Amino acid sequence: MAMASERQFAAIKGAKVLMVGAGGIGCELLKTLALSGFQDIHIIDMDTIEVSNLNRQFLFRQSHVGQSKAKVARDAVLNFRPHMSITAHHANVKDPEFNVEFFKQFNVVLNGLDNLDARRHVNRLCLAADVPLVESGTTGFLGQVTVHVKGKTECYECQPKPAPKTYPVCTITSTPSKFVHCIVWAKDLLFAKLFGDKNQENDLNVRSSDAASSSEHAEDVFERRKDEDIDQYGRRIYDHVFGYNIEVALSNKETWKNRNRPRPIYTAGVLPEELSKQNGNMDTIYAADITTVSAMASLGLKNPQETWTLMENSRVFLEALKLFFVKREEEIGSLSFDKDDQLAVEFVTAAANIRAASFGIQLHSLFEAKGIAGNIVHAVATTNAVIAGLIVIEAIKVLLKDTDNYRMTYCLEHISRKMLLMPVEPYEPNKSCYVCSETPLSLEINTHRSKLRDFVEKIVKAKLGMNFPLIMHGSNLLYEVGDDLDEDEVANYAANLEKVLSELPSSVTGGTMLTVEDLQQELTCSINIKHREEFDEEKEPDGMVLSGWTQAPAAVKDDKKSIGNGGNASNALEHELAEANRDGEMEEISEPSVKKRKLSEVSIATILDGPEATADEIKNQKEVEKLDDDDDDEEDLVMIDDLNSVGNKKTRLQ
């Protein structure tokens, strides 16, 4: 033990550590690293401190609001460990300065990030630099720590991550049946149309089929008229989206044969004329600070957990719209929804509730609506502390190159087989992973209709997560980005973006193999193009389908080791760790990966099997399902991603 301790201490003292993220997990992690004896730490975080962070990110105080998380965290720890070397970078980890050479100087990288895109970026840089990565995530009472070592374990992208929830466009715009549909409509359509890019097209701007009979609806109703005051404008918008648009929808009788018919709502039927004209009291409520602007304050509504009536929602809607134009006019045209923007949350809550009332859906409080709109799962400081401790334990193993003892550890909400922490051996690399195994991908696309821009935006950037892509067909360069391009090259590539694939200088058709590179990430992958004429607009809205994420072959299942309790246990963990794609600290929870190992060893199967586990596993499952419905985050959005089911993993045990 003494020898081991001396060896550990030497490894810790001589290690240079990169910590990405200084939020909920990051604060706990930096403190634990410092108290464990680490001497040289770099921190990267682009965020600033907000009031909502203070209840769990304990290195921060009220006086720090608005300051860099990385820098304040460094200063706080140096107060009790003054002889440490802590370098704070208030920056985005995707900035060019944090390249492969930068990563190579570290012995281990510890992630406490809040989004999938940044995680994938760090994973690729760690692979290119051959630096071990310890990932982490929390969501409420759930948490995870996973270890990724090039050539020895799965990389972060070896298994597909669950896609963000999406809803069919027709459901959102025409036939909502759940409150979340109303939230998506209010946030992504109405808020964006009123306060975002005015030129964007969406289905809110319904016009009469007979323009001559309805000149009002032949115009762009979202354009404010020259002689129109803000109160008149607000009522006109209200009547259009909650009244006229609903009447247009009702005219399609086929749609409502088997559905409850919505009811049009107009201001005249909800608010007396004099009340809507004298809605709020802006003069006495607002200070100079724009962040304090609030429709609730103006209207004297104090409790965010109370569900407003239809009249109250209507007043909040009109007041919030008015306040945006009166107090924040310079921002209009460039705004996007932010869960930390009080006025934006008030507007979206009111709009979603009015739409819900129209479609007979239960109304929700602002507190509930904010959770849904912001994908918030409220963070638990204790979970962050537990996960931070586990990160340090795994980091020490990595520094000692103690490969046989690496563990993926999952923190559960309810005890299973007398355990709250479930350690699992990591998988070997997935030979089908296009990131660490360079396996070709396949893309079905209509090469006669889709432009190169569609391919770049929807596949290369959105799906593959590349930031500075270079696209080649054989030896022909079709597209490139970079600061070192001359004007002719920039113009040439810009022109290529607007061409359909089959009409590019080097034509891309069925059977073409494209090579896509990201020089910053030092990642190259090949994509086999397959021409396809038609796509289902609802199921395949991108008009293209990328494939190549193939799971490793499942091992033969041992009948003596069933997969959980009739599937309940594995399903519980699958949802618990995979669907919790949000947290109060967006750290991520991925999936318990398991290496091929002997059944005699402790495994997920032994943890989940057995009649006495049933009640607790059912509890876990219910809590997980609740997470899926509640969808909430608290700036500490822990992305519990990709827990592709413990059940599926267990079939790979031998």
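Which residues form one aromatic cluster with W185 and F242? In this predicted model, the cluster is made up of W185, F191, F195, Y233, Y238, F242, F317, F324, F325, F337 and F347. The paragraphs below start from the whole chain and then work towards that cluster.

The protein has 654 residues, and 53% of them count as buried. Its secondary structure comprises 22 helices and 14 strands. Where contacts link residues at least 6 apart in sequence, 74% of them join residues at least 24 apart. Aromatic pairs number 18 in the structure.

One of these pairs is that of W185 and F242. The ring centres lie 5.7 Å apart and the planes stand at 55°, so this pair is classed as tilted; planes have to be over 60 degrees apart to count as edge-to-face. W185 belongs to helix α7 and F242 to helix α8, which spans residues 230–250, so the pair ties together parts that are 57 residues apart in sequence. Both W185 and F242 are buried.

F242 also pairs with Y238. Here the centres are 5.0 Å apart and the planes meet at 65°, so the Y238 and F242 pair is edge-to-face. Y238 and F242 both sit in helix α8, and because they are four residues apart there, about one helical turn separates them. Like W185 and F242, Y238 and F242 are both buried.

Helix α7 can now be followed to another partner, helix α13. Helix α7 covers residues 179–195 and helix α13 covers residues 310–327; their axes come within 11 Å and cross at roughly 35°. The crossing of α7 and α13 is right-handed. On the α7 side the contact involves L190, F191, L194 and F195, which meet F317, L321, F324 and F325 of α13. By class, this contact has eight nonpolar residues, with no polar and no charged ones.

A separate feature involves a charged side chain and a ring. K16 lies over the face of F106, at 5.7 Å from the ring centre.

Definitions and conventions. Residues are numbered from 1 along each chain as its sequence is written. This is a predicted model: local features need pLDDT of at least 70, side-chain atom pairs count only at pLDDT 80 or more; totals for chains, interfaces and linings use all residues. Side-chain values use heavy atoms; hydrogens and water are left out. Axes are lines fitted to C-alpha atoms, for helices over the stretch in contact, and angles run from 0 to 180 degrees between N-to-C directions. Helices (H or I, at least four residues) and strands (E, at least two) are DSSP runs, numbered from the N terminus. A crossing is left-handed if the near helix is turned anticlockwise from the far one by less than a right angle, and right-handed if clockwise. Contact means heavy atoms within 4.5 Å. Ala, Val, Leu, Ile, Met, Phe, Trp, Tyr, Cys and Pro count as nonpolar, Asp, Glu, Lys and Arg as charged, and the others, Gly among them, as polar. Rings of Phe, Tyr and Trp (its six-membered ring) pair if their centres lie within 6.5 Å; planes under 30 degrees apart count as stacked, over 60 as edge-to-face and the rest as tilted. Buried means under 20% relative accessible area, exposed over 50%, partly exposed in between (1.4 Å probe, protein chains only). A charge sits over a ring if NZ of Lys or CZ of Arg is within 6 Å of the ring centre and within 35 degrees of the ring normal.
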